[in-house]
Each structure stands twice: as C-alpha cells, then as structure tokens.
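These are notes for a colleague who is opening this model for the first time. The points go from how to read the values, through the overall form, to single elements and residues.

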Amino acid sequence: MILGSTGSIGTQAVEVVRQAPHRFDVVGLAAGGGRLDLLVDQACELDVQVVAVADPAKAAELCDRLTARGSAAKVLAGPEGVAELAAWECDVVLNGITGALGLESTLAALRAGRLLALANKESLIVGGPLVREAARPGQIVPVDSEHYALAQCFPRLPADQLTSLAQGNVEARRDQVRRLVVTASGGPFRGRSAADLADVTPEQALAHPTWSMGPVVTVNSATLVNKGLEVIEAHLLFDIPFDRIEVVVHPQSVVHSMVEYVDGSTIAQASPPSMRIPIAYGIAWPDRVAGAAPAIDWTRAHQWTFEPLDHEAFPAVRLACEVGTAGGTAPAVYNAANEEAVAAFLAGRLAFPAILDTVARVVSEHREEVQGGTPRLEDVYEADGWARKRAGELISRQG
C-alpha cells in the first residue's frame with residue numbers, strides 16, 4: 001500500500017516496485033488529488049484493487065478515468081477514505097503523505113496490525129503518544145534516511161525481543177549508546193549568518209544542494225526545521241533522551257546518521273543521497289532490494305566533512321528539542337505553525353527569517369495556555385487548528 005503515491009516519496013516507491021515487479025504486489029494507492037493524471041497512470045500500471053483520493057471533489061472524475069482505462073479499482077474519497085485504505089488488507093503500508101494529514105492513516109495502519117514503513121514523520125511527531133500507544137514493538141520501519149540509518153546502526157535482536165517502535169532498535173541495549181548523531185546537509189544556506197538570511201527568496205530556498213524533495217520539505221531543510229522534526233522523531237522511535245541526540249552538518253549527505261557507543265566507537269551508515277534505498281528497505285523489510293540505487297564508488301577518492309550546527313543562524317533544532325521535551329500537543333503546534341509559515345513564505349507573503357520567528361511566537365503562546373500531558377486525538381487536532389489560526393494572524397500582520 002502506497003500513501004502519497006504522486007509525491008516525492010510515492011513516485012520513488014513506484015520506481016522501486018517497477019524495478020523489482022516480482023518482489024511486490026501493490027494493493028492500493030492514495031494521493032491528494034492534485035496530480036490526477038499520474039494517479040490514474042500508476043493505478044493502471046500497477047493494477048491496484050483500490051485508490052483513495054483525499055480531495056472528495058476529485059472522486060467522481062477519478063472513477064470515470066479509471067473506468068475509461070479499464071481499471072476495476074474501487075475508489076475511496078476524502079481523508080477518511082485514505083485512512084480506510086491504510087487499514088486495507090496488506091503486508092506493508094508506506095505512508096509518504098506530507099504533513100500532519102498523515103496522522104489518521106498512520107494510526108489506522110498500526111491499529112489494523114500492518115507493518116508501517118513511515119516516511120511521514122509529522123504524524124509521529126504531532127501524535128507521538130497516540131502513535132506509541134497504537135504501535136506494537138518493532139511495528140514501524142523508519143523510512144526517513146536519518147532514522148533508517150540509525151536503525152541500521154543499532155545491534156539487531158530477533159523481532160520477539162524488540163521493545164521499541166523502530167525495527168532494529170533494542171531498548172535493552174540503550175545503556176550501551178552514548179548518543180545518536182543525526183547528520184544534516186546544512187541546506188542551501190549553510191555557512192550564512194542570521195543577517196545573511198534576511199532577503200533570501202523561495203527560489204533560493206528550494207535549490208537544495210544534494211536532495212530532490214517536495215517544496216515544503218525542501219524549505220524545512222533550508223530553515224533546519226526538518227532536522228528539528230527529525231530529532232523529535234529520533235527521540236520517539238529510539239527512546240533516547242534529547243540531551244543524547246546531536247545534529248552535525250555533513251554537506252556531502254553520504255553519512256546519514258551515526259550511533260556513538262559508550263566504549264568510544266561509532267557506527268555510521270553511508271550511501272549516496274538517494275531515498276530509494278530507505279524506501280526499498282521499508283517496503284521489503286527485513287530483506288533488501290538488489291540495485292535499489294547505485295552504491296558508493298570506493299575506488300575513487302572522497303572527502304567527507306563534518307561541522308557543528310550554527311544554532312544562532314538556525315535556531316529550529318533547539319526550539320524543536322524544547323518542544324519535544326514539553327510534549328503534549330506542543331509538537332503539533334510547532335509543526336502546524338511551521339506549515340502555515342512555509343506556505344506564506346512560498347507565496348511571497350513572509351520573509352525567510354520570519355518563518356522561525358512565527359513558529360517560536362506561536363509555540364511560546366501555546367506554552368502559556370497548555371502544559372504537557374497525554375493528548376487525545378481531538379486535543380491534537382484542536383492544537384493544530386489553533387496554531388494554524390494564530391500563525392495566520394501573525395503572518396497577516398507582517399504582510
């Protein structure tokens with residue numbers, strides 16, 4: 001099952017399936033509806049049983065187009081249709097939906113007992129306690145390149161001995177781990193001071209030096225919000241405290257993350273910057289897909305560099321750690337405010353530095369009203385809605 005099939009993660013997942021058709025049988029696809037032609041092409045090529053479109057207004061057109069192409073696939077509509085598809089009978093659900101909209105699908109897949117290949121980090125971040133409550137130990141295979149890497153670097157135990165969410169993570173061995181080291185490319189503005197960022201444009205922010213991603217994730221990489229979200233995700237997946245998770249800048253994006261052990265040794269996972277590797281591993285777990293992406297050419301010279309993150313120019317990671325420590329609905333507020341601010345920036349209504357200023361202001365106001373705790377799903381949605389509204393008000397004042 002591929003959720004978000006017309007986005008960056010989804011299209012690469014289809015490429016992996018296309019490359020190894022004997023390995024995979026895709027049961028269903030879900031997408032927002034903005035690229036209906038592509039969704040129809042995918043559904044027909046893969047001969048799926050069911051297709052879900054999040055935009056209910058596109059359901060009738062989707063049904064007509066599928067019928068015209070000879071497809072008998074069932075069509076589900078709306079966010080509830082996508083969540084229904086996530087619980088459909090299958091072995092693995094790849095959640096590649098962008099943003100907090102992926103939460104209900106994540107919960108539906110977990111509650112249905114599906115193995116969840118998770119690329120939608122936002123659903124884990126905004127619904128952390130809910131996702132942890134729904135997931136069995138080892139039920140989540142992380143697809144983010146950093147968390148895929150971390151999972152590779154932990155010692156492996158049989159599945160019946162796993163106690164944490166992520167495959168390959170062993171809670172009983174956490175005392176052997178000194179810290180997790182999450183790498184960051186530094187984005188297109190690596191090396192710039194805070195003052196240098198005042199006048200950057202959306203076009204510049206979208207020009208990522210090593211990765212090809214969707215616009216929201218690419219801007220999040222430029223602000224380092226994406227890395228902040230990944231730190232929260234690492235904490236939730238691997239049960240490592242925030243003070244033992246560190247971000248380092250690695251511009252080459254070849255070492256995707258590392259686990260440092262108490263004896264002074266460090267295990268790193270390295271591969272070319274291709275999402276096809278973690279995607280292939282996520283949908284084929286526990287096996288690997290031969291030739292998912294080209295390997296590193298070890299016969300030629302390489303230079304890998306590592307440098308500390310400039311927290312003054314890029315305060316998103318420190319703010320994310322504060323939010324993650326606060327818990328409750330604070331991560332949902334952080335994520336929602338950022339999504340609104342990024343949309344405003346891409347539309348030319350907000351300056352680049354104001355993205356984080358807006359997020360920090362909304363998070364600060366939320367803390368004054370709400371303390372941590374275990375939220376219900378309705379609490380998460382209420383906090384998400386409040387943060388989006390408040391961020392919109394702050395953005396409009398700057399327009």
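1. Buried means under 20% relative accessible area, exposed means over 50%, and partly exposed lies in between, with a 1.4 Å probe and protein chains only. Leu-224 has a relative accessible area of 3%, so Leu-224 is buried.

2. The model is predicted: local features need pLDDT of at least 70, side-chain atom pairs count only at pLDDT 80 or more, and totals for chains, interfaces and linings use all residues. Residues are numbered from 1 along each chain as its sequence is written, and side-chain values use heavy atoms, with hydrogens and water left out.

3. The protein has 16 helices and twelve strands. Helices (H or I, at least four residues) and strands (E, at least two) are DSSP runs, numbered from the N terminus.

4. Along the principal axes, the C-alpha atoms fill a box of roughly 55 × 50 × 45 Å.

5. Of the 399 residues, 56% are buried. The protein exposes about 16,600 Å², and carbon and sulfur atoms supply 51% of that area; accessible areas come from the Shrake-Rupley method with a 1.4 Å probe, and for residues only the protein chains shown count as cover.

6. Contact means heavy atoms within 4.5 Å. Among contacts between residues at least 6 apart in sequence, 69% join residues at least 24 apart.

7. Helix α4 (residues 78–86) has Gly-78, Gly-81, Val-82, Ala-83, Leu-85 and Ala-86 buried. What do the buried residues of α4 pack against? Their partners are β1 (2–3), β2 (28–31), β3 (50–53), β4 (74–77), β5 (92–95) and α5 (103–111).

8. Helix α10 (residues 215–223) and helix α14 (residues 330–346) have axes that come within 10 Å and cross at roughly 100°. Therefore α10 is roughly perpendicular to α14, a label for angles of 65 to 115 degrees. On the α10 side the contact is made by Pro-215, Val-216, Val-219 and Asn-220, and on the α14 side by Asn-338, Val-342, Phe-345 and Leu-346. The axes are lines fitted to C-alpha atoms, for helices over the stretch in contact, and angles run from 0 to 180 degrees between N-to-C directions.

9. In α10, Thr-218, Val-219, Asn-220, Ser-221, Ala-222 and Thr-223 are buried. Just after α10 comes Leu-224, with a positive phi of about 75°. Leu-224 sits in the loop between α10 and α11 (225–238).

10. Asp-239 also deserves a look: its phi is positive, about 55°, although Asp-239 is not a glycine. Asp-239 lies in the loop between α11 and β9 (245–249). Is Asp-239 buried or exposed? Asp-239 counts as buried because its relative accessibility is 13%.

11. Please check the peptide bond between Trp-285 and Pro-286, which is cis, with omega about 10°. Pro-286 belongs to the loop between α12 (276–284) and β12 (307–308).

12. Asp-263 is in the loop between β10 (255–261) and β11 (266–270). Its relative accessibility is 62%, so Asp-263 counts as exposed. The C-alpha atoms of Asp-263 and Thr-374 are separated by 36 Å, and the two residues are 111 residues apart along the chain.

Methods
Angles under 35 degrees count as roughly parallel, over 145 as roughly antiparallel, 65 to 115 as roughly perpendicular and the rest as oblique.
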